[in-house]
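Reader: I have a structure open and would like to go through it with you. Can we start with the basic layout?

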Amino acid sequence: METTQYQQQADNELVAGTARGDMAAFETLFRRFETKVYQYILSSIHDDAMAQELLAEVMEAVWKGAKTFKGESQVSTWIFGIARHKMLDAIRKRTRHQTSTIALDQAMDIADPRDNPERQAEQQDEADTVKEAIATLSREHREVLYLAFYEGLPYQDIATLIDAPVNTVKTRVFYAKQQLKRALENPRRQQNVP
Amino acid sequence: MTEQSNISESSHPTVTLLPFYLNGTLSEEERQEVDRHLAECESCRQELEEMRSLQVSVKSYFSTLPQPPADICNKVQARILAESQSEKPHTPTDHAPTIESFGTRFQAYLHSIFSTQWAPALAVSLILGQAVVLFWTLTLPATAPRGNEVQRPGPVIERSVPQAPVPSIRRQFHIAFQDKTPEHIIRRIIRDLNGRIVDGPTAEGLYTIEVPDSDAGQLETIIQDLNKKRDVIRMAAPLTASSQ
């Protein structure tokens with residue numbers, strides 16, 4: 001729930017308010033981006049506890065760094081960039097012992113009770129297939145599919161975000177899509193591609 | 001799904017733009033370039049349809065990822081406020097959190113009550129008065145009878161010095177109210193808790209409230225209950241180690 005008087009404000013205005021120390025503006029910005037950031041992190045690391053901690057760290061960094069935001073990129077790109085930086089740090093620090101994949105395992109188990117059982121089973125099958133196919137992708141491929149197909153970011157923003165040339169972004173999204181298509185056509189035969 | 005894995009960027013130069021054609025983020029010039037190519041390339045039209053279908057699946061999948069916990073914003077705010085307070089207590093910095101409307105008004109209200117010039121003198125007088133009364137109470141049994149009064153044997157009535165009540169353990173926590181929360185609601189909330197303001201409001205609108213409590217679990221429950229009143233309370237959080 002966004003703070004009422006700030007609901008209509010643009011992202012840039014909220015960052016400016018945050019830079020002035022306006023906690024209400026920050027809260028609105030937080031509410032606006034928390035799900036996006038959380039799901040972005042979860043799209044790469046399947047650990048809900050770590051994702052929660054990273055989300056908190058990201059938003060604290062937004063609070064502290066709001067004054068440095070120059071408006072040269074979209075606010076979403078800036079915040080996703082912070083999230084990515086912290087996420088990659090966390091991945092590097094993570095021990096070999098893999099934690100649970102509760103979040104992703106549970107993610108597709110939600111079914112609408114209004115559906116009839118046959119349709120529900122069919123949808124669940126489709127969802128399971130997509131889930132398994134996406135799980136075979138590399139983290140980089142999952143990431144660009146998330147950013148391009150789910151968040152709908154332009155390739156220029158993705159390039160800024162992942163610190164890669166725009167042509168790399170375009171080809172990476174294309175090959176991620178190809179990889180996903182192959183995984184969907186040959187379920188359970190795909191290997192993780194680095 | 002159509003088999004279309006052999007399409008390549010070299011023979012279809014706009015194929016890598018298709019994801020962004022689909023998400024509507026291409027420039028007008030790029031979009032027209034893709035449109036021109038699509039008009040004459042069956043393979044790319046198939047590729048586009050295939051991509052559209054995959055996009056639906058991908059969106060559907062990512063949309064089912066879990067939501068973050070509802071209280072994470074409160075936790076982060078509490079951390080920020082506590083950090084801000086411990087760094088420069090009661091001193092607004094150029095990046096200290098502020099709640100301009102309500103915080104400023106309520107601070108002015110408290111200031112008007114407690115900052116009058118006679119308040120310190122009155123406080124000193126009251127303390128001195130209490131000290132005199134206490135001294136008199138303690139020393140009264142030892143004083144000699146005055147005048148020609150005769151002391152008679154009789155029942156001894158012990159004049160017991162009233163003992164100070166055992167102080168209950170009082171616990172403190174931070175609270176910040178929403179901008180629009182009226183003062184009478186704030187007073188009622190604090191009264192209902194049998195609490196009192198022991199510090200604040202800080203520049204960021206943060207109060208330190210003390211409540212009688214003998215159990216840390218009770219304080220946690222109080223804070224949880226307060227955090228449910230999102231219409232009037234921005235956040236409530238225990239004091240951090242640095243702010244205690």
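Author: This is a predicted model. Chain B has 8 helices and 4 strands.

Reader: In what order do the elements of chain B run from the N terminus on?

Author: The order in chain B is α-α-α-α-α-α-β-α-β-β-α-β.

Reader: What percentage of the residues in chain B is buried?

Author: Chain B has 244 residues, and 25% of them are buried. As for contacts in chain B between residues at least 6 apart in sequence, 66% join residues at least 24 apart.

Reader: How do strand 2 and strand 3 of chain B run, parallel or antiparallel?

Author: They run antiparallel, and 3 bridges join strand 2 (residues 196–199) to strand 3 (residues 206–212) of chain B. Arg196(B) stands opposite Glu210(B), which is in strand 3 of chain B.

Reader: And how many residues lie between them in the hairpin?

Author: There are 6 residues between strand 2 and strand 3 of chain B. Gly200(B), in the turn, has a positive phi of about 95 degrees.

Reader: Which residue other than glycine has a positive phi near 60 degrees?

Author: That is Asn194(B), with phi near 60 degrees. Asn194(B) sits in the loop between helix 7 (183–192) and strand 2 of chain B.

Reader: Why does Asn194(B) count as exposed?

Author: Asn194(B) counts as exposed because it has 10 C-beta neighbours inside 10 Å, and the cut-off for exposed is 12 or fewer.

Reader: Is Asp163(A) buried or exposed?

Author: Asp163(A) is exposed, with 10 other C-beta atoms within 10 Å.

Reader: Which residues of helix 8 itself are buried?

Author: In helix 8 (residues 155–162) of chain A, the buried residues are Tyr155(A), Asp157(A), Ile158(A), Thr160(A) and Leu161(A).

Reader: What do the buried residues of helix 8 of chain A pack against?

Author: They pack against helix 4 (75–93), helix 7 and helix 9 of chain A, together with helix 1 (18–22) of chain B.

Reader: Now the largest nonpolar core. Which residues touch the most other members?

Author: The core has 82 residues, and those touching the most other members are Val37(A), Ile41(A), Val58(A), Ile79(A), Ala83(A), Leu145(A) and Ala148(A). Helix 2 of chain A supplies the largest share of this core, 12 residues.

Reader: Take Ala83(A). What is Ala83(A) in contact with, leaving aside neighbours within four places in sequence?

Author: Ala83(A) is in contact with Val37(A), Tyr40(A), Ile41(A), Leu54(A) and Val58(A).

Reader: Last topic, confidence. What is the mean pLDDT of chain A?

Author: The mean is 82, and 79% of the residues in chain A reach 70 or more.

Reader: Where in chain A does pLDDT stay under 50?

Author: One such stretch is residues 96–113 of chain A, for which the model has 25 contacts beyond four places in sequence. The pLDDT is also below 50 over residues 190–194 of chain A, a stretch with 10 contacts in the model beyond near neighbours in sequence.

Methods
Residues are numbered from 1 along each chain as its sequence is written. Chains are lettered from A and ligands numbered from 1 in the order in which they are written. This is a predicted model: local features need pLDDT of at least 70, side-chain atom pairs count only at pLDDT 80 or more; totals for chains, interfaces and linings use all residues. A residue is buried if 20 or more other C-beta atoms lie within 10 Å of its own, exposed if 12 or fewer, and partly exposed in between; C-beta atoms are placed from the backbone. Helices (H or I, at least four residues) and strands (E, at least two) are DSSP runs, numbered from the N terminus. Two residues are in contact if their C-beta atoms, placed from the backbone, lie within 7 Å. A nonpolar core is a set of buried Ala, Val, Leu, Ile, Met, Phe, Trp, Tyr and Cys residues joined through C-beta atoms within 7 Å. Two strands pair if DSSP finds at least two bridges between them. pLDDT is the predictor's confidence in each residue, from 0 to 100.
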